[in-house]
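User: Hello! I would like to understand how the words used for a protein model follow from their definitions. Could you take me through it?

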Amino acid sequence: MSALLDTTLYDFRYYLVYLPLGILGLVRWGCWLVRRAPAALYRPVRNDFRLPLSIVVPVYQEDPEIFAHAIESWLANDVEEVVLVIDVTDHACQEVAARYPVTVVITDVPGKRDALRRGWEACKTDLVALVDSDTIWAEDVAAEVCKPFADPEVGGVGTRQNVYNPRGFLQRVNDMYLDYRYFDENAAQTAVGRAVSCLSGRTAVYRRELLLEISDEFMHETFMGVPCMSGDDKRLTTLTLARGHRTYMQRSARVWSTFPGTWRIFMKQRLRWSRNTWRSDLRALSSRWIRRHPFLAFTMADKAVSSFTLLVAPFFMTYAIIRQDWFFVACLAAWWWISRAMKMLPHLVRRPSSFFLVPGFVLVSFVMAGVKICALLTIRRQRWLTRQVSVVNGVAVRTSPQAAGSEAGA
Amino acid sequence: MKTAYRFGAAAAALSAVLALGIEAAPPAAAIGAPEDTAAWERTGRPDRLIVLRPRSVSLLSGGSLVRRLYPGTPSVSLSWLAANAGREWISHESGAPSTVRVHTAILLAPDTILRIDDRTKKVLLSAGRDARSGTWISGSRASLDVDSTTLTSVAADGAGPAPANAPGRPYVSMGAGGRMDFRNATVSGLGRVGETTTADQSGVTWARGSTGSATGSTFEGNYTGLRLAGSKDVTLKNVTASGATEDGVVLKGDQGTKVSELSADSNGRTGIALGGTDDRTLTGLTTHDNDGAGIKATLQSGLELNSPTSRFDQGGGIDLTSCRQCIVRKASVESSSRAAVRVSGGESTVSVRDSELTGHNGSEPGILLGEGIESATVSGGSVSGFDRGIGITGSGVRIEHTSLSGNRTGIAIGGDADQVALHDVRVDGGETGVLASATTRHIRLTDVRVTEANRKGLASSSPGLRVSGGTLAGGTTAVDLGASAHLEKVAVGSSHRGMHLAQNVRATGTSVDVLAERQGVVADAGSRLDLTDSRVRAPVALDGDGEVKRHGKTEITMPPFPWLGFAALVALALAVVLQTLHHVRHRGTPRPKVAGHVENTA
């Protein structure tokens, strides 16, 4: 008996050191498979349903060339009206808009939320597409996004997004993140419960009557006593779900948007998104309506936990390097590469060369886990970070000296 | 009648002198008695000499009797001498009535007693500019009793302590039949370098045939702190010897010495040097920061050192040279440079038991069992933090029930070591557990456990090595054989490579259990391993161009099934299946129609 025990312990020690990482990895993979299986069964809605659609675009400090491309792509779709809510200080975009048959609303109130509200209040159609000013549409987006609305329960519809002409490592990584989102997370949420956690603000289509209904709650959102400025898309999505509507991701509707190519802006953008996600998901998970969407709750909780568990692997890697256990180091590095590549298969099928970016993607994801934790610790802070607007004393204001001077002049 | 009257008057005067202890008038010729002159000649013709005799005290200057005192008793105190000898012989320091300065050598003749007590709390012994002008206190068949007093030297110019190399530096010694006692005394700055015709003088010496004691006393900054040279029944209790130019304490040829709480620190050579006496038992010796070894024993027989303690002695902790049937028991040694315990010299038979030896950045072994020794046993205790925990180059060595940890090499067997047995030894950490070189013979390991070694558990080039029982593990290779060996009932594992046989090595194994992370047994070309009733588990169980012959119920298998790895493969396969399913369901999806400047449309 003693010999048997000795042998068992001896065998067990062989695995003991790295066993926790292995078990954690198994659990994480299990969670991913729970998402991935329904995502593989996702299909976009196919019918001939159509409703009149208007486009609302808040415009502030946009690149004029991209803006012009975007307007042309929207007009190439069969939409009733394009409403551009342009900040009074942004003369360049006003000049671009003047070249096209669009409705221009000039606003002197800083902040995206007020611009969106002004936009949908100015529209007359049943459906309103809220679109970012740098987002370029395929020619059939308007037709595709209408199809899920054949179901009267559907209150909002999102599209599939990709990076507009990605150049360099960061834009390629962003493109990988987007594919991961629309082929895994949003696809699974659509397939299982028709409850997508976030209809991205780059293009999200809502019933106008719903927008008017939630307008006040949208405009006066606060978190822990601080008025919210960013996170408008998550807020609109959760307000839609909270009212019993469904949210749907129509992957056949494709749009492209610009993404930062510098680390500084990339990190700021991720920090802002992470704060928005923490606020929205924590509020949703503590709400009663989430009980109607258990799969959505699962994916939210899974996403929150992953911020912490993701950092366990680099911890073990460091430990193995200190122990000079090079065999394990090589195995773990190889596993990171292969396993992440497997999870990114939808993207790799589309862009096989990204296989060589996977190690970099893995390292970025570790950094992003740290950013998420940092975002959780600064969850009350309200800043756009990539544009010169901020919340001061509960009011959105412009923060650049030039913009502020123009505002004063206006 | 007249003659009778004159004789009676003289007798009455002499009686009065003896009764009152006052000096007699010096003889007109100032020439001493023949015995005084002989004493002066015998003691190296000192410039000034006081000779204590049972009924008189002679004061000789340049060999001539200056005057004679009659204390009336054989027992004389230094304070009495200071009061009666005169300032040029012994003087009181101005402003310090209990401090006296001695300007003369003092010879204690047989049957005399000199007491130095708290009436003279500080005694300054003047150093001379040469040996003859220096001072000392010496005697034989006499007694010197020092109580609650500080004896210290003062330089010839009187400015401060006498330098260590001063030729006339004072010393104190007691010869045959004499007795010398120190109680609560401090003796500092004594002892001189010997001249061509005179041996080195220790600060304090109990010479052959003398006896006495030192209790609660400190001997500091002497040439040699204190020396027992052929003494008999001396008691040393709560004694400290520190800062000596040479050894702190020398016990040589002494008989019946009783020692307790003896410590030596910061001495120029050995802390405590032992020699010349058989069957000695010493308990509680403490040494630290000596330039030489803490304790050094030479040519001893039957020596027992119980609970000795050594801290950071530069020459090592305990050095036993040519010691027969010597035992070191429960030693505690911290060493930063040399061996904690060194055993060397022909005919050494030494046992080291239950000792705790700790190394700090040491390059020497914790225990060095050197060439030429007859036998040595290390049992119990621990050895940690050395370059080599135990270094063996001698023969007839047995290491048992001992724990070694954090040594770069646990046990290194080299030189011409023969008949070395390791039994129930545990080696943790370091780079190599047990290392046996090609020049060694008849090495046997039983129940040896090597764990957490970064490189090799056992590396042997010793022909005929035998390993029985135990566990051998190493970071890279658990057992590396460069010569023939036999392993029996040994667990080999927790390493990348279980066993490695160098070229042309023949080895056998019975009931050996090998568990490795990569390779079980690697046999180089020309080598052969015969395994009987054994088991080898590893991803690559057998490797290399050599032969591994299986006998009996020998199993060569994979390691325990890697369930996690299997689960990982299943997960990867599921990912591929799901992607395939997705791909099939969306085949034929057209590319979106979009303006030509949009590229990322796949």
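Analyst: Happy to! Let us begin with surface: accessible areas come from the Shrake-Rupley method with a 1.4 Å probe, and for residues only the protein chains shown count as cover. By that method chain B exposes about 24,300 Å², and carbon and sulfur atoms supply 50% of it. Please keep in mind that this is a predicted model, where local features need pLDDT of at least 70, side-chain atom pairs count only at pLDDT 80 or more, and totals for chains, interfaces and linings use all residues. Residues are numbered from 1 along each chain as its sequence is written, chains are lettered from A and ligands numbered from 1 in the order in which they are written, and side-chain values use heavy atoms, with hydrogens and water left out.

User: How do you know what confidence the predictor has in chain B?

Analyst: We look at pLDDT, the predictor's confidence in each residue, from 0 to 100. Chain B has a mean of 88, and 92% of its residues reach 70 or more. Residues 1–30 of chain B have a pLDDT below 50, and this stretch has 19 contacts in the model beyond near neighbours in sequence; contact means heavy atoms within 4.5 Å. For the complex, the predictor gives an ipTM of 0.80 and a pTM of 0.60.

User: Why does S77(B) count as buried?

Analyst: Buried means under 20% relative accessible area, exposed over 50%, and partly exposed in between (1.4 Å probe, protein chains only). S77(B) has 10% relative accessibility, so it counts as buried. Across chain B, 52% of the 602 residues count as buried.

User: What makes S77(B) part of a strand, and which residues does it touch?

Analyst: Helices (H or I, at least four residues) and strands (E, at least two) are DSSP runs, numbered from the N terminus. S77(B) lies in strand β4 of chain B, which covers residues 75–77. Chain B has four helices and 57 strands. Leaving out residues up to four places away in sequence, S77(B) touches L114(B), R115(B) and R119(B).

User: What makes a space a cavity and not a pocket?

Analyst: Rolling a probe the size of a water molecule over the atoms shows where empty space is left. On a 1 Å grid over the protein atoms alone, a cavity is a set of points where a 1.4 Å probe fits but cannot get out; a pocket is an open set with protein on both sides within 12 Å along at least five of seven lines. Lining residues have an atom within 4 Å of a point. Grid points are joined across faces, edges and corners, and a volume is the space filled by probe spheres set on the points.

User: What lines the largest cavity, by class?

Analyst: Ala, Val, Leu, Ile, Met, Phe, Trp, Tyr, Cys and Pro count as nonpolar, Asp, Glu, Lys and Arg as charged, and the others, Gly among them, as polar. The lining has seven nonpolar, one polar and four charged residues. Among them are K112(A), G201(A) and D232(A), and α9(A) gives the most, with three residues.

User: And which residues lie nearest the centre of the second largest pocket?

Analyst: They are R160(A), R254(A), H586(B), T589(B) and P590(B), from a lining of 28 residues. This pocket holds about 800 Å³ of space, and its lining has eight nonpolar, eight polar and 12 charged residues.
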